[in-house]
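Me: I would like to learn how to read charged residues and salt bridges in a model, one feature at a time. Could you take me through an example?

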Amino acid sequence: MAKQDEVKLIGVWASAYVTRAMIALNLKGVEYEYLADDLFNKSELLLKSNPVYKTVPVLIHGDKPVCESLIIVEYIDQVWASSGPSILPADPYDRAIARFWAAYVDSKIAPHNRVLVRSNEEESIAEAKEQLLAALLQLEEAFVKCSKGKSFFGGDTINLVDITLGSFLSWLQAFEIITGTNFLDETKTPRLVEWAECFRSVDAAKEALPEPEKLVEFRKFAQAARRVTVADAAAK
């Protein structure tokens, strides 16, 4: 493979945002090198490749870095347009709707997911759970409209919304273990329950989604590491 065609992905295995990029690459059949990073001790390559946000994922195509997960997913879809199914709909209106619901996931699911990862305060956890459940009810309605009776938001194949929401499935399962709350419930979100089963069965997703039990352990580690970082900063 020529250097200009080499694909590398800088990531942290527990990140839902990294999972998105991995699913998109898998879906398109793109060979890539995964470069594991450490958010508590970021590599020079990460800082150089994403000097603005200093976050993962970063896709490096040849020597060109592409940052931010949804931008990366769209980039993958466009560069490898002839490989695998299209991630973004061809119709401009359908494409706009997919982007709308992907943005909804990042504004209504991601922030509360972050709270549940980082916090042990009962009040914060209760509020995050309530907001997540409300957002999932809204996404249940969106799924019914977007899927048109089929398996995915994208119809017969997964699209941008499926990847965006699907990247959080393992974390939702981890939070069920931690809190005892069923975020996807057969009585309240029956179509999303079916969708989640279908999504997890897709090879591209199956290969990328982390095990929920490992995320439970990662949460413990991340919280402990964050406490040490705060304590060290306070001691200086």
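This is a predicted model: local features need pLDDT of at least 70, side-chain atom pairs count only at pLDDT 80 or more; totals for chains, interfaces and linings use all residues.

Me: Is E130 buried or exposed?

Reply: Buried means under 20% relative accessible area, exposed over 50%, and partly exposed in between (1.4 Å probe, protein chains only). With a relative accessible area of 51%, E130 is exposed.

Me: How many salt bridges does a search of the whole structure find?

Reply: A salt bridge is a side-chain nitrogen of Lys or Arg within 4 Å of a carboxyl oxygen of Asp or Glu, and a search of the whole structure finds seven. One of them joins R20 to D106, with the closest N and O atoms 2.6 Å apart. Because R20 lies in helix α1 (residues 16–28) and D106 in helix α4 (residues 92–108), this pair ties together parts that are 86 residues apart in sequence. R20 is buried, with a relative accessible area of 0%, whereas D106 is partly exposed at 25%.

Me: Which residue forms a salt bridge with E74, and where do the two partners lie?

Reply: The partner of E74 is R99, and their closest N and O atoms are 2.8 Å apart. E74 lies in helix α3 (residues 69–79) and R99 in helix α4, so the pair ties together parts that are 25 residues apart in sequence. E74 counts as buried at 17% relative accessibility, while R99 is partly exposed, with a relative accessible area of 36%.

Me: What separates E194 and R191 in helix α9?

Reply: E194 and R191 form a salt bridge whose closest N and O atoms are 3.4 Å apart. Both belong to helix α9 (residues 190–201), and because they are three residues apart there, about one helical turn separates them. E194 counts as partly exposed at 44% relative accessibility, and R191 is also partly exposed, with a relative accessible area of 23%.

Me: How much of the chain counts as buried?

Reply: Of the 236 residues of the chain, 44% count as buried, and the C-alpha trace spans about 55 × 50 × 25 Å along its principal axes.

How values were computed. Residues are numbered from 1 along each chain as its sequence is written. Side-chain values use heavy atoms; hydrogens and water are left out. Helices (H or I, at least four residues) and strands (E, at least two) are DSSP runs, numbered from the N terminus.
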